[in-house]
Amino acid sequence: TLMTWFPSWFPEHFHYFGIWVGLVFVSQAVAATLLMRALGAKSVFALVVSVGFALTWPVIHVRYSHAALMMHSLILLALALYFLGQHKLWRSTYVAAAFIVLNLVALTVHPYFLPFTAGLFVAFLVDQSWKSESWATQLWRLLAFAVALGGVGWMLGYFGHNTFRPGYGDHFAMNLAAPFCGGSRYIPCGVGPADIVNFEGFNYLGAGLLLLLPFALVSNRRQLLSLPKRYPALSLVLLGLFLYAITNQIRFGQAQWIAFELPGWLHWLTGTYRVAGRIFWAIGYVILFGTLVVLLNVGRSRRSWAVVVLLLTALVVQFKDVKPWLDHIKTEAAKPSTLNYTDWAPVMNQVDKLVIYPTFDCGPGDLQYYTWIMQLAGHYGKLLN
């Protein structure tokens, strides 16, 4: 829109994807810092380690082909707002208002972020009502949220179009083995970003975090059992996200454990959010930041030097483990363009915008022509639907 209204502001052949990806990582670092402070870890070392893990999170680095879905800071901000409210670091009124704004931003970036931001907002409202505030207050906040979200969704054209697509469970699901293997440098289990089924179910935690998990579980096994009591609604929301992510066809590796038919009344949901593997993202971040906070608390109480060494070692391992995806992006970016822009100049000089129909098709086959059309539009500064 800005490029259309103020074309003189932008250089020739300007495109915003590079700026967007930069914003993704800057906002990821800021959101990770806010979340750690909401969880009570405010030391410089805690912030460095948490930002390091947040920026090397494998799930982000396999999604360069889908820039909108890289904006995981929205998930981290939703978690931060929940804990800022629950730990009474912010007034609940401010948290509720910030949650509503965050949900509207999530809807405009990509609707797949809405289950996380809206789910965590509802968890905040329910836990607030159980602990300190009235149900009436939460219902008014929920009504304000529904009106704001419905209004923005209507303006953006989310209503009146059929969004159902098949594939939930059959082609799109989170394999139970996905958090523990990702085809990485240290755990090459054959699940890599090239295959679209495994790519959309990709939820690898990284070798560094997997190194830390046993230490966190052993040192905090008693408090883990108390988490549902401390955060009941949050626990229910995370459980719901997990069950949705593994779908009705539960697999571990190559073995299928359970398969059953879904009732017809659920098809509106599974058809809209059919790529179920993405729904695990928030749970992965809870595991990451929960692990870091547990170990940092252990370090404050005893053997701080050992915890520092362990966390730094794990961060180095995490970085080296995710390096293949960084190298993959560099390799792809260094390839010469196969598109001869000069040949298209006579045509592109006569058009204002390009219209693709269908706007996007997730069916099988080579999707390279979408990239080709986007490159053409970006090079000549043309609008694209």
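This is a predicted model: local features need pLDDT of at least 70, side-chain atom pairs count only at pLDDT 80 or more; totals for chains, interfaces and linings use all residues.
Student: Is Leu236 buried or exposed?

Tutor: Leu236 is found in helix H12, and it is one of the residues that make the nonpolar patch. The cut-off for exposed is over 50% relative accessible area. Leu236 has 57%, so it is exposed.

Student: Let's go inside. Which residues touch the most other members of the largest nonpolar core?

Tutor: In soluble globular proteins, nonpolar side chains tend to be buried together. Here the largest nonpolar core has 104 residues. Helix H14, residues 281–301, gives the most to this core, with 12 residues. The members with the most contacts to other members are Met36, Phe99, Phe113, Tyr285 and Phe289.

Student: What separates the C-alpha atoms of Met348 and Ala377?

Tutor: Met348 lies in helix H16, residues 341–348, and is buried at 1% relative accessible area. Beyond its sequence neighbours within four places, Met348 is in contact with Leu354, Leu376, Tyr380 and Lys382. Met348 and Ala377 are 29 residues apart along the chain, and their C-alpha atoms are separated by 8.6 Å.

Student: Now a polar side chain. With which side chains does Gln249 make polar contacts?

Tutor: Gln249 has its place in strand S1, residues 249–252, and is buried with a relative accessible area of 16%. Not counting residues up to four places away in sequence, it touches Gly169, Asp170, Gln256, Ile258 and Ala259. Its side chain makes a polar contact at 2.9 Å with that of Arg251, and another at 3.2 Å with that of Gln256.

Student: Where does Thr247 lie, and is it buried or exposed?

Tutor: Thr247 has a positive phi of about 65 degrees although it is not a glycine. It is found in the loop between H12 and S1. With 5% relative accessibility, Thr247 counts as buried.

Student: And what about Lys88: is it buried or exposed?

Tutor: Lys88 is another non-glycine residue with a positive phi, near 60 degrees. It sits in the loop between helix H5 (73–86) and helix H6 (92–109). Its relative accessible area is 61%, so Lys88 is exposed.

Student: On to charges. How far apart are the closest N and O atoms of Arg141 and Glu133?

Tutor: Side chains of opposite charge can pair when their charged atoms come close. The structure holds four salt bridges. In this pair, Arg141 is buried at 11% relative accessible area, while Glu133 counts as partly exposed at 22%. Arg141 forms a salt bridge with Glu133, and the closest N and O atoms are apart by 3.0 Å.

Student: How many residues apart are Arg278 and Glu200?

Tutor: The side chains of Arg278 and Glu200 meet in a salt bridge, 3.0 Å from N to O, and both residues are buried. Arg278 is in the loop between helix H13 (267–272) and H14, while Glu200 is in helix H9 (residues 196–200). The pair thus links distant parts of the chain, with a separation of 78 residues.

Student: Why are Lys323 and Asp327 separated by about one helical turn?

Tutor: Their side chains meet in a salt bridge, 2.9 Å from N to O. Lys323 is partly exposed at 21% relative accessible area, and Asp327 counts as partly exposed at 28%. They are about one helical turn apart because they are four residues apart in helix H15.

Note on methods
Residues are numbered from 1 along each chain as its sequence is written. Side-chain values use heavy atoms; hydrogens and water are left out. A nonpolar core is a set of buried Ala, Val, Leu, Ile, Met, Phe, Trp, Tyr and Cys residues joined through side-chain atoms within 4.5 Å. Buried means under 20% relative accessible area, exposed over 50%, partly exposed in between (1.4 Å probe, protein chains only). Helices (H or I, at least four residues) and strands (E, at least two) are DSSP runs, numbered from the N terminus. Patches are made of residues with over 30% relative accessible area and no salt bridge: like charges are joined within 9 Å, nonpolar side chains (Val, Leu, Ile, Met, Phe, Trp, Tyr) within 5 Å. Accessible areas come from the Shrake-Rupley method with a 1.4 Å probe; for residues, only the protein chains shown count as cover. Contact means heavy atoms within 4.5 Å. A polar contact is a pair of N or O atoms within 3.5 Å; within protein, one must be able to donate a hydrogen and the other to accept it, and residues adjacent in sequence count only if both atoms are side-chain atoms.
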